[in-house]
Amino acid sequence: MTKTKTEMDSVLRSRRFRLEREADWLKLEDLLARVAKGGAAALTNDELVDLPRVYRSTLSALSVARSTSLDKNVIAYLESLSTRAYFFLYGSRASLSDRFMSFLRRDWPLSVRAIWRETVVALAITLLAGAAAFSLVMNDADWFYSFAPADLAGDRSPAASTESLRSTLYDGGGEGLSVFATFLFTHNARVAIFAFALGFAFCIPTVFLLAYNGCVLGAFLALFVSRNLGFELGGWLLIHGVTELFAIILAGAAGLKIGWAVANPGDQTRLAAVAAAGRTASLAVFGVIIMLFLAGLLEGFGRQLITNDLVRYAVALSTGVLWWLYFYGGRVAHEGGLHGEADTRL
């Protein structure tokens, strides 16, 4: 008998609770249903003003229902209704173009700044591997074939004559440039994405890919320097290489950040550390795709159409300065409480 009376009291208390507050719930539900069909324009000015009030009233009812252990169905209904109202009142309604511009103005440069230590490490790995390959090829040209893939080297190999090597730097012409640009974009995007995606394996595959890319660069440089074409190769390479190599290094840095979070999560759980690192790193890598697209255009068009060495170096220097200023030289608005290394919340 006591149990039955307790259950009856609970039912009565729940019914009384609904009668006192249900009018606001029904009004909020009606407003949200109309907004879902016709947007905010479906509401009058008075209804728009009243919407926050009924939302707060519903939140208050939810708090009371939880604290007094009322009917679970009532609690579930209020939670669902409050969530829908929250996303209408506070959710982002920015257009795709607005979000993309916000990414370019703020999210991308902030994410790149947040991985600056990993960027330095990725650059050091690339340079050291490049220096090692350069030294080996200079001492024995046969090492070139160990570092440079045939599909990328093409006619540029130790077996080619000096004049043939020189012609590859200037006589690219305009025919088939779009195909060549697509090939280079695909190749370099693959290296960059793998360097990022495989970082979770304690950074080891990422280090290998960065070293491999540095070896390819060092081998080509040694080949052309041995034929007294180092200056010419620099212009040919850097007109697109500043953007392309920077993009690959950033992708590698993003992979290193995730790999380091796996290996050394610190005070966080490993899953939480990887999730935090991944939010920052993924934004940086999304921007890397943009950089590789631009590098592909310079690779397939600008470099082939511009044959003056000084102009090539001028373009390379300009792109380097622009990227440096974009990522590190200007002040970025830290909206939403993002600051430096704390940008793991990105």
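Arg53 and Asp50 sit 3 residues apart in helix H2 (residues 45-67), about one turn of the helix. Helices here are DSSP runs of H or I with at least four residues, numbered from the N terminus. The model is a predicted one, where local features need pLDDT of at least 70 and side-chain atom pairs count only at pLDDT 80 or more, while totals for chains, interfaces and linings use all residues. Residues are numbered from 1 along each chain as its sequence is written, and side-chain values use heavy atoms, with hydrogens and water left out.

Side chains of opposite charge can pair when their charged atoms come close. Arg53 is partly exposed, at 36% relative accessibility, whereas Asp50, at 14%, is buried. (Buried means under 20% relative accessible area, exposed over 50%, and partly exposed in between, using a 1.4 Å probe and protein chains only.) Through shared partners, salt bridges link Asp24, Lys27, Asp50 and Arg53 into one network.

Helix H1 (residues 2-38) has a pair of its own: Arg34 and Asp30, 4 residues apart and so separated by about one helical turn. Their side chains meet in a salt bridge at 3.4 Å, N to O. Arg34 is partly exposed at 27% relative accessibility, and Asp30 is partly exposed at 39%.

Then there is Asp107, which forms a salt bridge with Arg106, the closest N and O atoms lying 2.4 Å apart. Both Asp107 and Arg106 are buried. Across the whole structure, the search turns up 9 salt bridges.

How values were computed: A salt bridge is a side-chain nitrogen of Lys or Arg within 4 Å of a carboxyl oxygen of Asp or Glu. Helices (H or I, at least four residues) and strands (E, at least two) are DSSP runs, numbered from the N terminus.
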